[in-house]
Every structure is written in C-alpha cells, then in structure tokens.
Amino acid sequence: TFVVTNPTAPAGCDVATFTADYDCPIGCPTFVSAAASATDVCSGTAVDLTATLTGTEPATVTWTLPDNSTLTGTTVSVSPMATCNATMTYAYSVVCDDDATVLGTGSVDVNVYGAVTATATPGACMASISQDCPEFTATWTDALGATGTGFTYTATAGALGTATFVVTNPTAPAGCDVATFTADYDCPLGCPVFVSAAASAT
C-alpha cells in the first residue's frame, strides 16, 4: 500500500492511497550430484544415499528402492539384502518445491554380497559341501594335509578323517568373503576277491 502526499496542496487534493500486488518466488536450489556412502557392502549393511544441492531454497528428493517403495530426503538410509551377489539400483528425482521444476534424475548402484554359506555332506569315500552361489570357489584340506580345489573331496581306501573346506567369494568385501566348513569321511579298505584254492601237490 502506497500513500502519496503533496505537502503544499490544500486538503482534498493533498493525499491519495494506492495498492500493488507482489508474489516473489522462493527460487530453486541447484542439484550437484547423488552418491552412496559405500558401493560394495555385505548384505544387511546400512548405506546412506545422499543428494547434494547448493542453495538454501527447498527441494524434495525422492528415492525409489529396488522393491519400488520410496523414501524422501536429501539423505536416506537403506540396508540392502541379498543371498548371492546382486546390484541394487536406487533411482532418485529432485524437484524444486517452489515451481515443481525437475532439477535432476538418475540412479545410484550398490553392489551387495550375501554371507558365504554351504551345507556339508559327510560320506564314505566322498565328502562334499554345496555350492550355494555360482561365484563361490572352494579349496579343501584332508586329515593328512593334502590339498585340492572344488566342493568335493574323494578319499582313498582306508582313509578316515575330516575334510576342511574354505569357501571364498572373490569379489566380496571383508566380512562376507570367506567361511570354513567341514565334512567327515570314512573310506573302507574293502575286501579282496577270492579266486580259487589249490594244493601244491595232489
């Protein structure tokens, strides 16, 4: 509201009032980048997803998780789960609160590694463990210190003991990259084959 005055004018033409509307927009921040606090994690590890903005103007950041649920915030925390190696993709959209301008979209990937697992199967002349994920590798050591590779150990006749398997996920981070399993074996000597009986002289 404006009050305009003519100081030297007589009453009746010395003052008047005027109005003018205004609507000043807040404006929008600038989207800089989006990133995860870690890109290679064991299953269940907390990871922060952060969108970096410059400016004090408000904006809404929406994250879409792999299961299509959403979280809102410049920084959100997730705990991705996986049994075998998996890449989790988190999509984001940054929208200016003032005028709904889309400031940025994209995605952030997090590689997730499950715990190393296996099921042991003891046997007579063969002891083994399951290969629960295709990326797992295994080595074994028998009771006599012999070593080899693979998920199956074959014992020689008469051997008795425990095969120790070390299973590794070569690309996993520490904490979910290796585990040890054992399987017993007891391989019988077996029996000879009877052929015949005879005297040296009859």
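A: Let's sort out one term before anything else: a residue is buried under 20% relative accessible area, exposed over 50%, and partly exposed in between, using a 1.4 Å probe and protein chains only. Bear in mind that this is a predicted model: local features need pLDDT of at least 70 and side-chain atom pairs count only at pLDDT 80 or more, while totals for chains, interfaces and linings use all residues. Residues are numbered from 1 along each chain as its sequence is written, and side-chain values use heavy atoms, with hydrogens and water left out.

Now the cysteines. A disulfide is a covalent bond between the sulfur atoms of two cysteines. The cut-off used here is a pair of cysteine sulfur atoms within 2.5 Å, and by that rule you get four disulfides. Count the bonded cysteines along the chain and the pattern reads 1-4, 2-7, 3-6, 5-8.

Take C28 and C96, whose sulfurs are 2.0 Å apart in a disulfide. The link is left-handed, with -90° about the S-S bond. It bridges distant parts of the chain, 68 residues apart: C28 is in the loop between β2 (15-18) and β3 (30-36), and C96 is in strand β9 (residues 86-96).

Next come C42 and C176, joined by a disulfide with an S to S distance of 2.2 Å. This link of C42 and C176 is left-handed too, at -90° about the S-S bond. Here the partners are 134 residues apart, with C42 in strand β4 (residues 40-42) and C176 in the loop between β16 and β17. C42 has a relative accessible area of 14% and is therefore buried. C176 is at 4% relative accessibility, so C176 counts as buried as well.

Then there's C84 with C133, where the S to S distance is 1.9 Å. The torsion about this S-S bond is -85°, and the link of C84 and C133 is left-handed. One more cysteine to note is C13, which counts as partly exposed at 49% relative accessibility.

On to the strands. Strands of a sheet pair through backbone hydrogen bonds, either parallel or antiparallel. Here two strands are called paired if DSSP finds at least two bridges between them. Strand β16 (residues 160-168) pairs with β17 in the antiparallel sense over nine bridges, and L160 stands opposite D186 in β17.

Last, the rings. Rings of Phe, Tyr and Trp (its six-membered ring) pair if their centres lie within 6.5 Å; planes under 30 degrees apart are stacked, over 60 edge-to-face, and the rest tilted. The structure holds four aromatic pairs. One of them is F31 with Y92, tilted, at 5.6 Å centre to centre and 45° between the planes. That pair connects strand β3, which has F31, to strand β9, which has Y92, 61 residues apart. F31 is buried at 19% relative accessible area, and Y92 is buried at 11%. Y153 and Y185 form a tilted pair too, with 4.8 Å centre to centre and 50° between the planes. Y153 is in strand β15 (residues 152-154) and Y185 is in strand β17, 32 residues apart. Y153 counts as buried at 5% relative accessibility, and so does Y185 at 3%. Finally, F31, W63 and Y92 form one aromatic cluster.

Terms used: Helices (H or I, at least four residues) and strands (E, at least two) are DSSP runs, numbered from the N terminus.
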